[in-house]
Amino acid sequence: MYFTETESLSKKLAQEALGYKEQGFDAMKMKVGLNIEKDIENVKAVRQAIGSDIDLMIDANHAYSLTEAMKLARAVESYQISWFEEPVSPEYYSSYSQLRKTTSIPIAGGECEYLRFGFLHLFQQQCVDIAQPDICAAGGLTEVKRIADMAYTFGVDLVPHTWGTGIAVSAAMHLIANIDMPGSRLNNADALMELDRTENPLRDELVQPTFSPHNGRLQIPNEPGLGVNVNEDALKRYLLK
Ligand SMILES: [Mg+2]
């Protein structure tokens, strides 16, 4: 869920969140970073609207300093936040690890990190509970599989940052389906997949089949390769002229 500065924002976000709940999603992420007071108001409104059964994550896209991020984390801890994503600028590894030590909210990050060498910094400095490599930016499927193996070795969860085209969505689904799950558990938690719901024809028209979640779940295509074909007509429509 995103925001533009507008009147009654918390009410609008709460309505949007309720719509996703009705569609069967049982996890959702909302943007924060407007300012701390408004973020708290918005998070509270969304949590009250969706109830306690839905996972709720927040993403600041590095809007805050360490002290601001600590303040926000403290204020929203009681709203059952599943992760706080990119609280501070990605270069501030020590701020990540300091924040992580001061809050019970799991810390997520890594969409601006590249290759296994970048993620090694995140892991060695204990910056994140959830690593979020972007397959299209961090080095491709093979490199992100290496990053996933490294995350597993450090005991860090991995949920890829997934944005952009239907090709990126399909690549992420296949990677997620191939990530090692923690052992010694009778039932593993459901795998999570980031699926932006804002309007995006490059996601929804560029490949066939298109990805429509049913009851909050996506079906992984089982055709060869990424399981999708580029829709040449759509490609032509969106070519830069
Ligand atoms: Mg993000």
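Here's a quick briefing on the chain as a whole and on one pair of its helices. Keep in mind that the model is predicted.

**The chain overall**

- A compact globule of 241 residues would have a radius of gyration near 18 Å, and the chain's own value of 18 Å agrees with that.
- Of the 241 residues in the chain, 35% are buried.
- Take the contacts with a separation of 6 or more: 66% of them link residues 24 or more positions apart.

**How α5 and α6 sit together**

- Two packed helices are described by the angle between their axes and the distance between the axes.
- Helix α5 covers residues 115-124 and helix α6 covers residues 140-154; their axes come within 9 Å and cross at roughly 20°.
- Angles under 35 degrees count as roughly parallel, so α5 and α6 are roughly parallel to each other.
- As for handedness, the crossing of α5 and α6 is right-handed.

**Who meets whom**

- On the α5 side, the residues in the contact are Leu 115, Arg 116, Phe 119, Leu 120 and Phe 123.
- Facing them from α6 are Glu 143, Arg 146, Ile 147, Met 150, Ala 151 and Phe 154.
- Sorted by class, this contact between α5 and α6 has eight nonpolar residues, three charged ones and no polar ones.

Definitions and conventions. Residues are numbered from 1 along each chain as its sequence is written. This is a predicted model: local features need pLDDT of at least 70, side-chain atom pairs count only at pLDDT 80 or more; totals for chains, interfaces and linings use all residues. Axes are lines fitted to C-alpha atoms, for helices over the stretch in contact, and angles run from 0 to 180 degrees between N-to-C directions. Helices (H or I, at least four residues) and strands (E, at least two) are DSSP runs, numbered from the N terminus. Angles under 35 degrees count as roughly parallel, over 145 as roughly antiparallel, 65 to 115 as roughly perpendicular and the rest as oblique. A crossing is left-handed if the near helix is turned anticlockwise from the far one by less than a right angle, and right-handed if clockwise. Two residues are in contact if their C-beta atoms, placed from the backbone, lie within 7 Å. Ala, Val, Leu, Ile, Met, Phe, Trp, Tyr, Cys and Pro count as nonpolar, Asp, Glu, Lys and Arg as charged, and the others, Gly among them, as polar. The radius of gyration is taken over C-alpha atoms; the globule rule is 2.2 Å times the number of residues to the power 0.38. A residue is buried if 20 or more other C-beta atoms lie within 10 Å of its own, exposed if 12 or fewer, and partly exposed in between; C-beta atoms are placed from the backbone.
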